[in-house]
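Student: I'd like to learn how to read this structure. Could you walk me through it?

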Amino acid sequence: MNQIDINDSHYAEDELHEECGVFGVYDFDGNDVSSTIYYGLFALQHRGQESCGIAVSDTEGPKGKVLSYKDMGLVNEVFNPEKLEKLNGNIGVGHVRYSTAGSSSRENAQPLVLNYVKGTLGMAHNGNLLNAVELREELSYTGAIFQTTIDSEVIAYLIARERLNVPTVEGAVLNAMKKIKGAYSLIVMSPRKLIGARDPFGFKPLCIGKRDNAYFLSSETCALDTVGAEFVRDVEPGEVVTITKDGIKSDKSLCQKNTARCIFEYIYFARPDSKIDGMGVYESRINAGRILAKTHPVEADIVVGVPESGNPAALGFSMESGIPYGNAFIKNNYVGRTFIKPKQEQRESSVKVKLNVLKEAVAGKRVVMIDDSIVRGTTSARIVSLLKAAGAKEVHVRISSPAFLHPCYFGTDIPSEDQLIASGHSVDEICEIIGADSLGYLEVDKLSEMICGQTGYCDACFTGNYPIEPPKIDIRGEMG
Ligand code: SF4
């Protein structure tokens, strides 16, 4: 059996990342929206921590004037009151981004602003296209010059090009959607309209909110709460919504019966105080813990969650099993982009710097430890060893997702099979590698129960049942 060196440099890489978060506002009363977008992005920071940006425009001002600012860093590192004050406008879009290695640069930050003969477009995109390479080539042959390496620019070009053939920008978005294949939630700002669109499978979330005379589009409802907006409804998979002074118009001509909403949003990505497509993220995590307690019961003295997403699942496990819930980990939440990762020869480990164990909570006890997933296994191994070093008698690991067996092509960085521990090892082998006393995963057929019987979700990273045929070449790495 392959042994994994738990001191190797994979620590830093053994975390999954969502790729992006999007947020848009149109204030009909003419109030500036940049600071509202700032707070919206701040609430979506968990969806992307490498770069961020805001683009705004004045719907009563000259057409084609868009003010924007974007840079590498967290929202509160990139923006300050002076920068926000310069971004005047009553309509705008914002974006937070995480990228995989190699594509992390200021040019690839969003929103994208595109000038073309019909005016100016501002666009923010969450997701990943499967046919971006072909489309990029096609567009390049007909004269397009790309400034970035991200898929989002391909979408923006297609929209601009389609706009020449149809009378409205929402019609252009719809036509562009017919050409692109993959996962996307989009917010497009034209001089007088805010448009939201979700791909026909609905991989990525997008919802609508309202506050006084302003309308919002957001990746998650937690950002609506933060800016004091009411949740209106989710944008449906395949739907295009157009927000103008006359209200919200909807086009559902691309909506289809088969949807494939990312189930991992509920397990890990989304914030627990968000609701996606009518299902509370917190509730789904509690449900996952309850199911684990029924399917993988164990005698123990305490149930603990690995922060953050493991905590509600641990609470659910405790409620179902009657084993007391406790806190075993103290997390340092201030690990930002500039965090200097310890080198191998240093005595500090990345995990230990981020997470410390409360010895008095676990010493001499049989511990059930709930985590959301195991990717390479390095982090799980290290956390189990921290619990044992703190005196835990037994550590029983329960995972609130099924085992990762396949990569994701739809905008999350689940790596290829050779890097997924479950792809080459049995559950017993993984249990031994991570040093646990027992190990149990949530079963694939329990995912629907976790979200209260809803169906129409993607579970391809667990099952290999890709809703869209995966590309022949690995196109991951340039996600938006
Ligand atoms: S493959 Fe997994 S992570 Fe990717 S969209 Fe599907 S469920 Fe989500």
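**Reading the model**

Tutor: Let's start with a loop: Asp-372 sits in the one between β20 (366-371) and α13 (378-389). Helices (H or I, at least four residues) and strands (E, at least two) are DSSP runs, numbered from the N terminus. Keep in mind that this is a predicted model: local features need pLDDT of at least 70, side-chain atom pairs count only at pLDDT 80 or more, and totals for chains, interfaces and linings use all residues. Residues are numbered from 1 along each chain as its sequence is written.

Student: Is Asp-372 buried or exposed?

Tutor: Here's the general idea: a residue is buried if 20 or more other C-beta atoms lie within 10 Å of its own, exposed if 12 or fewer, and partly exposed in between, with C-beta atoms placed from the backbone. Asp-372 counts as buried because it has 23 C-beta neighbours inside 10 Å.

Student: Which residues does Asp-372 touch?

Tutor: Two residues are in contact if their C-beta atoms, placed from the backbone, lie within 7 Å. Not counting residues up to four places away in sequence, Asp-372 touches Ile-267, Tyr-268, Ser-309, Gly-310, Ser-400 and Ser-401.

Student: What does UniProt list as "binding site"?

Tutor: UniProt positions follow the numbering used here, feature names are shortened, and annotations may be inferred rather than shown by experiment. The unreviewed UniProt entry lists Ser-309, Asp-371 and Asp-372. They are spread over 64 residues of sequence, yet they cluster in space, with a largest C-alpha distance of 7.3 Å. As for Ser-309, it lies in the loop between β17 (302-305) and α10 (310-321), and it counts as buried because it has 26 C-beta neighbours inside 10 Å.

Student: How many residues does the largest nonpolar core have?

Tutor: In soluble globular proteins, nonpolar side chains tend to be buried together. A nonpolar core is a set of buried Ala, Val, Leu, Ile, Met, Phe, Trp, Tyr and Cys residues joined through C-beta atoms within 7 Å. The largest one here has 140 residues, and Ile-155 is among those with the most contacts inside it. Helix α5 (residues 151-163) gives the most to this core, with 7 residues.

Student: And which domains does the chain have?

Tutor: Domain bounds come from an automatic or database domain assignment. For this chain it gives domain 1 (20-259) and domain 2 (281-455). Their C-alpha centres lie 34 Å apart, and the contact takes 13 residues from domain 1 and 6 residues from domain 2.
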